[in-house]
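Subject: Structure for you to look at

Hello,

Here is the structure I said I would pass on. Please open it first, then read the notes below with it on screen.

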Amino acid sequence: MTAEVAPEPRAEPVRREFVTPEGVDLGLKVATYAERVTALGIDLAILAGAMIVLTLLVIAAAAVARSAAPMEMLGVVWVIGSSLGRYIYFLAFELGPRAATPGKRIMGLRVIAADGGRLTADAVFARNAMREVEVFLPILFALSQGQGIDGVMIALGLIWSGVFALFPLFNRDRRRLGDLAAGALVVKVPRLKLQVDLADVERTGAQGVVFAPAQLDVYGIRELHVLEDVLRGGDRKAIAEVAARIRAKIGWDGAADMADRTFLNAYYAALRGRLENRLLFGQRRRDKFDVS
Amino acid sequence: MAELQLKSARFRAEREADWRKLDALLTRAESVGVGHMRREELLEIPLLYRQALSSLSVARAISLDQNLIGYLEGLSTRGYFVVYGARGRLRDRLVRFFRSDWPAAVQSLWRETLVSLAVSLAAAVVAYVLVLRDPDWFYAFMDPGMASGRDPMATTASLRETLYDKPESLAQGLSFLAAFLFTHNAQIAIWAFALGFALCLPTAALMVLNGGALGAFIALFVSRGLGFEATGWLMIHGTTELFAIVLSGAAGFSIGWAVIFPGERSRVDAAAAAGRRAAMVMMGVVIMLFVAGLLEGFGRQLIQLDLVRYAIAGSMLALWLAYFYWPRRRGHDG
């Protein structure tokens, strides 16, 4: 391992060991703080929208029925809807088959029991009741005003409650207090589509291109994966650039008029074949600096 | 081309149809729920899931195709949650909750319940004594918004009126009042539960505030010779409501206690176990508060006789106590 190892291409989310009863580690990715805050924002926006729609409906119903007490109905709707509606929303969705509110679904997240068991109703309730303290307490302190001693108390309260809001940043699994109290975890559920196999040279029209072993030993697994990303990304400029660099690096002396994409497809298939073959013999070549 | 085809490509070609089948089944299970699927489909999911898992293990060992491994990881994860995350039907879970889970959780918190009750009572007694000596203390314990005119400035006649006021028409005012009281109390209960995490102290403070308000309120009415009537007015829903608040305090204490003294488990595990048990209690507390809100918003305004109010208060308390603490056989279902 040398010091000049290329930096990570992107900040990988934390992977958490999660072994199924069959003994396979699913390697779940823990949801990041930003994703979770975004999901909560989406949920709150949906709730606010629902409240507006409900308000309009009540007003319309009161107008139609010529009810004398539209304000009271509105009051009931608001009081119940703003607090109880919130609980029901979170509880119902997180107890559903996807264990995620619409906001979490959009962000590709779901709630799981940290021990891998079933996500029970009490766990879901615990993590949602805790949210009051973690999210709404800081907001409450931030919105309240006071002078002198009151102001100092409010500032202290804000700091104290802010600790809860930022709590997820201080543990590896990005768990908030509610998750701890519930024994729950929020993870990403990737919905990756199975794409064509890039090593299928007949389909990519790159058959018949032969590389010498020395030309293939230039790169390792990480470079192969970068190449896969480039090919699947389909960005012309990137493909042209990468093709030029690889041609230069391996001293390509074959057909000069070969399209960049075809060249890369052929090289990808050959490189993967070479690396996978070595894998079968127990040699996992991490990257181009790995000379084992 | 045979010699050029990779082992990993052949491996994929042989299994891809099964993966896609599992994918389709999981998508259906996630959208309509397992309960609405055909028997054959349900029987297929675990088989295909285990196949996908073994494919994932093999793929990790022989394939360098990121997309393939990522896809299989996603597929296996989704399969895992459908296979192992299966839950019972809602009806069964509700029955179980009311028959065993809720009372068992309340019973197991008896120590915390006693502490919570003691803190509330102590605060109530202190507030009672202080307000009887000097009515100005009233304002220290009571939020003027909640008191709504029932303070030492009011005349005895107007105080008496507040105990027996009848709204002009029944439909008006009551439903809003019930809704408001319910959400207000539910909010307090949830704070008491959630703040328990902070080493019990905020929960204790909430119990003191709640008990103090109660003591100050009764002291005010006792000082005007209305003690008996006011207690009836308060307790018609108060036995249910205060019991619920005491239980929420107990729930908060149990979490804080587990954080301070986790015992043999790690702090996180102890907090999780206590949190789930406390949450079970809290789900019931919300129901109790709903009942209390109905009693307060409707029952109190409709029933004007003191003795009937006391009868309701007493029977509600007896009902809750019997429900929670009546000895029953445990462990018939795991």
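Of the 334 residues in chain B, 43% are buried. In chain A, which has 292 residues, the buried share is 31%. Please keep in mind that this is a predicted model, and that the values here were computed from it.

**Overall form of the two chains**

Chain B contains 13 helices and 0 strands. Chain A has 11 helices together with 4 strands.

In chain A, domain 1 runs over 15-188 and domain 2 over 201-280, with 47 Å between their centres, taken over C-alpha atoms.

What share of the contacts in chain B with a separation of 6 or more comes from residues 24 or more positions apart? The figure is 79%. Among contacts in chain A between residues at least 6 apart in sequence, 65% join residues at least 24 apart.

**Where the chains touch**

The contact between the chains takes 57 residues from chain B and 55 residues from chain A. On the chain B side, at least two residues each come from helix 1 (7-32), helix 2 (39-62), helix 3 (66-84), helix 9 (174-194) and helix 12 (267-302). Helix 9 of chain B has the largest share of that side, 11 residues. By type, the side of chain B that touches chain A consists of 31 nonpolar, 16 polar and 10 charged residues.

In soluble globular proteins, nonpolar side chains tend to be buried together. In this model, the largest nonpolar core has 126 residues, and those with the most contacts inside it are A181(A), A216(B) and V281(B). Helix 11 of chain B, residues 227-260, gives the most to this core, with 18 residues. There is also a second, separate core of 24 residues, which includes V201(A), L227(A), L264(A) and A270(A).

Not counting residues up to four places away in sequence, A216(B) touches A127(B), V131(B), W137(B), F138(B), F141(B) and M142(B).

**One buried loop residue**

L195(B) sits in the loop between helix 9 and helix 10 (201-223) of chain B. Is L195(B) buried or exposed? A residue is buried if 20 or more other C-beta atoms lie within 10 Å of its own. L195(B) has 26 C-beta neighbours inside 10 Å, so L195(B) counts as buried.

Leaving aside neighbours within four places in sequence, the contacts of L195(B) are V133(A), P202(B), T203(B), L206(B) and G252(B). L195(B) and G249(B) are 54 residues apart in sequence, while their C-alpha atoms are 9.4 Å apart in space.

**The sheet in chain A**

Strands of a sheet pair through backbone hydrogen bonds, either parallel or antiparallel. Chain A has an open sheet of 4 strands in the order 1-2-4-3, with antiparallel pairing. Strand 1 (15-16) and strand 3 of chain A stand at the edges with a single partner strand each, so one side of each has no neighbour in the sheet.

Strand 2 (residues 28-30) of chain A is joined to strand 4 of chain A by 2 bridges, and V30(A) has V187(A) in strand 4 as its bridge partner. Between strand 3 (residues 109-113) and strand 4 of chain A there are 5 bridges. Here A113(A) stands opposite A184(A) in strand 4.

Why is strand 4 (residues 184-188) of chain A largely enclosed by the rest of the structure? The reason is that 4 of the 5 residues of strand 4 of chain A are buried.

Regards

Technical notes. Residues are numbered from 1 along each chain as its sequence is written. Chains are lettered from A and ligands numbered from 1 in the order in which they are written. This is a predicted model: local features need pLDDT of at least 70, side-chain atom pairs count only at pLDDT 80 or more; totals for chains, interfaces and linings use all residues. A residue is buried if 20 or more other C-beta atoms lie within 10 Å of its own, exposed if 12 or fewer, and partly exposed in between; C-beta atoms are placed from the backbone. Two residues are in contact if their C-beta atoms, placed from the backbone, lie within 7 Å. Ala, Val, Leu, Ile, Met, Phe, Trp, Tyr, Cys and Pro count as nonpolar, Asp, Glu, Lys and Arg as charged, and the others, Gly among them, as polar. A nonpolar core is a set of buried Ala, Val, Leu, Ile, Met, Phe, Trp, Tyr and Cys residues joined through C-beta atoms within 7 Å. Two strands pair if DSSP finds at least two bridges between them. Domain bounds come from an automatic or database domain assignment.
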